[in-house]
Every structure is written in C-alpha cells, then in structure tokens.
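Q: I am new to reading structures. Can we go through one together, feature by feature?

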Amino acid sequence: MNTTMLKPSIKTLSFSILAAAIAAFCYPDCAFSQSRVTGYQTVSRDVATNSAVDVEVYPGRATAIDYSSTDEAIAYVLIADPSKVVFSTDAPMASSRAKTVFLRPIQALNFPGATTTTITNLSIKTVDSKGKQRLYNFNIVPANKKPEHLGIRITPLSPKMSPTLNLARGRTPTASDVEKGLLIAIQKGYTAANDPVVYSVRQFLALVRNQNLSVVDAAARAGVDLSVIVELGKIALEEPRVPVGIRQ
C-alpha cells in the first residue's frame, strides 16, 4: 500500500488514486482536497498548538508555514539548531503583519559551542487580533525526495468531514469500518501487514478513539492520506461479513 493497494476489480488505477478523486469531488472543504488543489498540507490550529507537527524541507526549495487563514500575526520564531535551516517572514515581525514563515535548508554551518541534530524543532509564537498568544511547535524534517507539499497552512478550526459515500446502505464509515477495511485489505493481500501505511492507519485509529480528533486531524497527525482512510471504509461497507481477524 506504499503506492497501490489494489482490489481485484480495479485494473488500471490504484484504489488510493480512485478514492482521491472521490474525496476531491465529494468533500471539497476537507484538508485532503485542499492539499491536492493548493499544494499545502492543512493543519487545524488545535492540532498545531497541542502537538509537534512535522514540516519537511527540501534542498533548493522554500517551505512555507502560513497563518493567512487565521487572524494571527507571527511575533517570534526560534529554530533550535540553526546550522542547517534559515527562515524569513513575509513582513517584519515588529510590524504585526507577518503571516508566513519560509524555511530554507542551507549547507551546514559550524557555530562554536552549539549542538546540532538531524531533526530540529521550530517554535513560532503568534498574537491574534484580541491579543491572545499561541505557541506552535514543529519538527523540521530534512527530505531528499519529490516534494509532496509546498508547506503547511494553519486553519482556525478543525475541518468538518462526515464522509457519506454513495453506497448501498448509505452508511457513513466509522473507525470500526476503517479497522475492518484494514483487516480485509491484509487478509486479501491488497497490502502487507508490515507495510508502513498499515502502521499509520493504526495510529489514525488510536487518535480517533483516544483523543477524540476529527478524521482530518487524525489522518494528518498519523501521516496517512485521507484517500486511504476513505477507501478502507468503503471496502468494509462492501464486504460486511468478513471474519474479524486478530487486532495487532
């Protein structure tokens, strides 16, 4: 399921690509469809202020962390290990008009007495129109692959999504449906049990059940495409009588 998780009836498209088309058509306001259209990974403010969000940086490219969708201005930025990444903002922070931080990897510098690490943390403090301050933490992850996003867009509220697929019973997929769909996918050989995406889906299920996160926020934090979650729910609804396997 790294690139495809195939159903026997699908010959030319992976189900994740098919589900992506379904999601983009049916849920234009969800974070997945926005990332496909705008190129940004959408993260809600609640998630971003309560956990460290991974932000990937790529050689020769700038990665943005954008607050334009909120009423917040960037007041302070700190990179714990500045030897490999530099930042700039779209306006001086003292002006209270800075809305975007741009991260750029550089050739490693040597600062006497400073420590260094492969994945460092970035802290951003903002102030909104009412004077409320918020602190955001990110993990800066160096990546040497084809970029998946232009950066991260912070949204003021968690996107609401209750995916209702056009299936026979008109059911809305639940966490149990996604879990059942995952078991079916493993049992039928659509994916291997040790595939990294399987682990990400299990993380998604734990977040939904234990932290009461929305589907979109849980998928973002678990690092799994929303298309995979939607398709697993669809598989479960199409095959309701599958024997329940052993949960791992």
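Q: Which residues in helix 6 (residues 215-222) are buried?
A: This is a predicted model, so keep that in mind throughout. An α-helix has 3.6 residues a turn, so residues three or four places apart point the same way. In helix 6, the buried residues are Val 216, Asp 217, Ala 218, Ala 219 and Ala 222.

Q: What is the phi of Gly 223, which follows helix 6?
A: Gly 223 has a positive phi, near 75°.

Q: Where is Val 224 found?
A: Val 224 is in the loop between helix 6 and helix 7 (226-238). Val 224 counts as buried because its relative accessibility is 8%, and buried means under 20%. Leave out residues up to four places away in sequence, and Val 224 touches Val 197, Ser 200, Val 201, Phe 204, Ala 219 and Ile 229. Take Val 201: 23 residues separate it from Val 224 in sequence, and the C-alpha atoms are 6.6 Å apart in space.

Q: How many residues does the largest nonpolar core have?
A: In soluble globular proteins, nonpolar side chains tend to be buried together. Here the largest nonpolar core has 47 residues. Leu 103, Leu 122, Ile 124, Phe 138, Val 201, Phe 204 and Val 224 have the most contacts inside that core.

Q: What is Leu 103 in contact with, leaving aside its neighbours within four places in sequence?
A: The list includes Val 55, Val 57, Ile 65, Ile 79, Phe 87, Leu 122 and Ile 140. Arg 61 and Thr 63 are also among the contacts of Leu 103.

Q: Which residue of strand 6 stands opposite Thr 63?
A: Leu 103 does. Strand 3 (residues 63-66) and strand 6 (residues 100-105) run antiparallel, joined by four bridges.

Q: In what order do the five strands of the open sheet come?
A: The order is 1-9-3-6-5, and the pairing is mixed. Strand 1 (40-44) and strand 5 (85-89) are the edge strands, each pairing on one side only. Neighbouring strands of this sheet are turned by 20° against each other on average, direction ignored.

Q: Which residues make up the covered face of strand 2 (residues 53-57)?
A: In a regular strand the side chains alternate between the two faces of the sheet. In strand 2, Val 53, Val 55 and Val 57 form the covered face. Asp 54 and Glu 56 form the uncovered one.

Q: In which sense do strand 2 and strand 8 (residues 133-142) pair: parallel or antiparallel?
A: They pair in the parallel sense, over five bridges. Val 53 stands opposite Phe 138 in strand 8. Strand 8 also pairs with strand 7 (residues 120-127), in the antiparallel sense over eight bridges. There, Gln 133 in strand 8 is the bridge partner of Val 127.

Q: How many aromatic pairs does the structure hold?
A: It holds one. Tyr 67 and Tyr 136 are edge-to-face, 5.0 Å centre to centre, with 70° between the planes. Tyr 67 lies in the loop between strand 3 and strand 4 (73-79) and Tyr 136 in strand 8, so the pair ties together parts 69 residues apart in sequence. Tyr 67 counts as buried, at 0% relative accessibility. Tyr 136 is buried as well, at 0%.

Q: Where does Ser 96 lie?
A: Ser 96 lies in the loop between strand 5 and strand 6. Its phi is near 60°, a positive value in a residue other than glycine. Ser 96 counts as exposed, at 55% relative accessibility.

Q: How many helices and strands are in the chain?
A: The chain has seven helices and nine strands. Of its 248 residues, 46% are buried.

How values were computed:
Residues numbered from 1 in each chain as written. Predicted model: local features only at pLDDT ≥ 70, side-chain atom pairs only at ≥ 80, totals over all residues. Heavy atoms only, no water. Helix = DSSP H or I, 4+ residues; strand = E, 2+ residues; numbered from the N terminus. Buried < 20%, exposed > 50% of the residue type's maximum accessible area, 1.4 Å probe, protein only. Pairing = 2+ DSSP bridges. Core = buried A, V, L, I, M, F, W, Y, C linked by side-chain atoms within 4.5 Å. Contact = heavy atoms within 4.5 Å. Axes fitted to C-alpha atoms, helices over the stretch in contact; angles between N-to-C directions. Phe/Tyr/Trp six-rings, centres within 6.5 Å; stacked < 30°, edge-to-face > 60°.
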